[in-house]
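Trainee: I am new to this structure. Please show me how to read its features, one at a time.

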Amino acid sequence: KLIAAEYYSGDIKPSMKLFFGQRYNLYAIANVGQQEAPVDEDEFLDACHCVIDGIEDLGKSIPMAWSNVDYVVANLGERVCIKLERLAAKLLFSVEKSALRGLEIDYVRLRQCSSVVWPFKNAEGSFVDDPGDVFDCDYASEADLSVLNAGGQVQFYMLENCQGMILSGNTDPWAKVPDNIA
């Protein structure tokens, strides 16, 4: 059951009083705006998600999350270190062009990326099952293309997508397309 929920904006350090010897499930999310926290923990875990409208949203601030389940306050005045982890993967991309003389890269784009992520469902996997929740996201800028063509690497960002469920009759996650089902 929800004991407390706080929303902080700016450079304020979060502070919450917890009782000595009590067990808590602690959750923190960042860069997703203010969200309502249901009283029931299972409802919270199911409802807590982050939606981005486009890659520009990731450029402003990357959503982050942290949790500490079954935390017990062991000492009076104890401080909890919240180590937020970003919910967007950073992909480093480069091209080995030595066998492809004269290759000029003029376009790179990540396609069919998730636009929604559930930060506290990592054990089950945060997957997109609605086609409306994917979009063509990050892409190489002119500066990125110059770096790639000079033999360097560039970075892209995308939200987690654990690829959903395997189709009925298929036991191979790499063959998860309708034509491959026996």
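Mentor: Start with rings. Rings of Phe, Tyr and Trp pair if their centres lie within 6.5 Å. Keep in mind that this is a predicted model.

Trainee: How many aromatic pairs does the structure hold?

Mentor: It holds 4 aromatic pairs. Take Tyr27 and Phe44 as one case. Their ring centres are 5.3 Å apart and their planes meet at 55 degrees, so this pair is tilted.

Trainee: Which parts of the chain does the pair of Tyr27 and Phe44 tie together?

Mentor: Tyr27 lies in strand 1, residues 23–30. Phe44 lies in helix 1, residues 41–47. The pair therefore ties together parts that are 17 residues apart in sequence.

Trainee: What is the geometry of the rings of Tyr27 and Phe120?

Mentor: Planes over 60 degrees apart count as edge-to-face. The planes of Tyr27 and Phe120 are at 70 degrees, so this pair is edge-to-face. The ring centres are 4.9 Å apart. The pair links distant parts of the chain, 93 residues apart. Tyr27 is in strand 1, while Phe120 is in the loop between strand 7 (116–117) and strand 8 (134–135). Phe120 is buried, at 14% relative accessible area.

Trainee: What do ring pairs make of Tyr27, Phe44 and Phe120?

Mentor: Ring pairs link these three residues, Tyr27, Phe44 and Phe120, into a cluster.

Trainee: Now cysteines. How many disulfides does the structure hold?

Mentor: A disulfide needs two cysteine sulfur atoms within 2.5 Å. The structure holds 0 disulfides. Cys48 is buried, with a relative accessible area of 3%. Cys81 counts as exposed, at 53%.

Trainee: Which residues form a nonpolar patch on the surface?

Mentor: A patch takes residues with over 30% relative accessible area. Here Val80, Ile82 and Leu84 form a nonpolar patch. Together they have about 200 Å² of accessible area.

Trainee: Where is Ile82 found?

Mentor: Ile82 is in the loop between strand 3 (64–72) and strand 4 (85–86). Its relative accessible area is 39%, so Ile82 is partly exposed.

Technical notes
Residues are numbered from 1 along each chain as its sequence is written. This is a predicted model: local features need pLDDT of at least 70, side-chain atom pairs count only at pLDDT 80 or more; totals for chains, interfaces and linings use all residues. Side-chain values use heavy atoms; hydrogens and water are left out. Patches are made of residues with over 30% relative accessible area and no salt bridge: like charges are joined within 9 Å, nonpolar side chains (Val, Leu, Ile, Met, Phe, Trp, Tyr) within 5 Å. Accessible areas come from the Shrake-Rupley method with a 1.4 Å probe; for residues, only the protein chains shown count as cover. A salt bridge is a side-chain nitrogen of Lys or Arg within 4 Å of a carboxyl oxygen of Asp or Glu. Helices (H or I, at least four residues) and strands (E, at least two) are DSSP runs, numbered from the N terminus. Buried means under 20% relative accessible area, exposed over 50%, partly exposed in between (1.4 Å probe, protein chains only). Rings of Phe, Tyr and Trp (its six-membered ring) pair if their centres lie within 6.5 Å; planes under 30 degrees apart count as stacked, over 60 as edge-to-face and the rest as tilted.
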